[in-house]
Structures are given as C-alpha cells and as structure tokens.
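Please have a look at it first.

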Amino acid sequence: MLLGATFLSGFFLFLDQSLKSMAVNNPSKSYYLIKNIVGWEYYENYGIAFSLPMPKFLLITFIPIIIASLIIFLMKTKKKKFWLIFGTSLVIAGAISNLIDRVFLGFVVDYFRVFTSVINIADIMIIVGGLILVVPSLKKKQ
C-alpha cells in the first residue's frame with residue numbers, strides 16, 4: 001500500500017520535472033487546444049499559489065519544514081489507510097517538485113494554460129492530494 005502510493009507519487013514527480021525541463025528548454029513554444037484558454041504555455045512563477053508574491057527565502061525555508069512535517073505525520077499515523085497515504089504522498093511529491101524548481105531555477109516552472117492560470121502537474125498533485133485528505137473528513141461531519 002505504502003509502496004504503491006509512493007511509486008505513483010514518484011512517477012508524477014518525475015513526469016512533472018520532465019515536462020518542466022521541456023518547457024525551460026523551449027520557452028517560446030506555445031500550443032493550444034483552445035486559443036489562450038487551454039494549452040501549453042511556459043510561465044515563470046516567482047510567487048506561491050496564483051502567483052501571489054512571497055519572498056524566496058521564506059519559501060525555501062518553510063517548504064522543507066512543511067514537507068518534513070507531512071512525512072513525520074505519515075510515519076506516526078497508526079491507521080495507514082491507502083487514501084491517507086496516497087493523498088499525503090501526492091502533496092509531498094508536488095511540494096518537492098516545486099521546491100526543486102525554486103532552489104535550482106529561482107522560480108517554479110508552470111506550463112499548462114487553463115483559462116486565466118498557468119499551472120503544472122505538481123500544483124495538480126498538491127490540490128488533488130489535499131482534496132483526498134479533506135473530503136473524507138467532510139463526509140464524516142455530515
């Protein structure tokens with residue numbers, strides 16, 4: 001169970017880094033399924049989610065602390081259900097992928113244009129992983 005979730009998250013991390021490398025090596029290339037709405041577009045994101053500005057030193061300091069906290073949380077959790085492991089693994093892998101960009105490039109590479117945003121697979125992993133973690137607790141409250 002842990003191995004499968006970790007492998008799948010690792011695969012998405014590798015895929016994201018590969019696509020980021022393609023984007024960095026071809027920054028002027030843009031491809032659209034629907035012009036300026038859905039497609040491939042290189043974007044350097046110096047901020048956090050939705051390009052909100054935040055000092056780089058804060059990001060590089062706190063993101064590893066958050067990642068370490070999530071790993072400790074996962075290790076200390078007694079009931080290791082697949083969805084808990086998978087959701088947490090997705091968030092960790094997405095955060096690591098974006099952290100790699102911040103450390104080595106100084107910004108996060110985004111490449112999928114979706115309406116007014118440009119995102120990457122790491123962003124999707126963080127969002128989906130967070131939803132996987134939150135939705136079951138919302139269902140329990142109902």
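Leaving out residues up to four places away in sequence, Ser-89 touches Ala-5, Thr-6, Ser-9 and Leu-74, where contact means heavy atoms within 4.5 Å. Ser-89 sits in helix α3, and helices here are DSSP runs of H or I with at least four residues, while strands are runs of E with at least two, both numbered from the N terminus. Ser-89 counts as buried because its relative accessibility is 8%; buried means under 20% relative accessible area, exposed means over 50%, and partly exposed is in between, with a 1.4 Å probe and protein chains only.

A word on where this comes from. This is a predicted model, in which local features need pLDDT of at least 70 and side-chain atom pairs count only at pLDDT 80 or more, while totals for chains, interfaces and linings use all residues. Residues are numbered from 1 along each chain as its sequence is written, and side-chain values use heavy atoms, with hydrogens and water left out.

Let me turn to the strands. Strand β1 (residues 31-34) pairs with strand β2 (residues 38-45) in the antiparallel sense over 3 bridges, pairing being called when DSSP finds at least two bridges between two strands. Tyr-31 has Trp-40 as its bridge partner in β2. These two strands form a hairpin with 3 residues between them, and Asn-36, in that loop, has a positive phi of about 60° although it is not a glycine. Asn-36 counts as partly exposed because its relative accessibility is 45%. On to β3 (residues 108-114), which runs antiparallel to β2 and is joined to it by 6 bridges, with Val-38 standing opposite Val-114. In the loop between β3 and β4 we find Phe-115, another residue other than glycine with a positive phi, near 55°, and Phe-115 counts as exposed because its relative accessibility is 56%.

Which residues have the most contacts inside the largest nonpolar core? They are Ala-23, Val-109 and Tyr-111, in a core of 17 residues, a nonpolar core being a set of buried Ala, Val, Leu, Ile, Met, Phe, Trp, Tyr and Cys residues joined through side-chain atoms within 4.5 Å. At least two residues of this core come from each of α1 (2-25), β2, α3 (82-105), β3 and α4 (121-141). Apart from it lies another core, of 8 residues, including Leu-59, Leu-70, Val-91 and Ile-92.

Finally, the largest pocket holds about 700 Å³ of space. Among its 28 lining residues, Ile-48, Ala-49, Phe-50, Asn-98 and Asp-123 are the closest to its centre. For the term itself, a pocket is an open set of points on a 1 Å grid over the protein atoms alone, where a 1.4 Å probe fits, with protein on both sides within 12 Å along at least five of seven lines, and lining residues have an atom within 4 Å of a point. Helix α2 (56-76) gives the most to this lining, with 6 residues. By class, the lining has 18 nonpolar, 6 polar and 4 charged residues, with Asp, Glu, Lys and Arg counted as charged, Ala, Val, Leu, Ile, Met, Phe, Trp, Tyr, Cys and Pro as nonpolar, and the others, Gly among them, as polar.

Terms used. Grid points are joined across faces, edges and corners, and a volume is the space filled by probe spheres set on the points.
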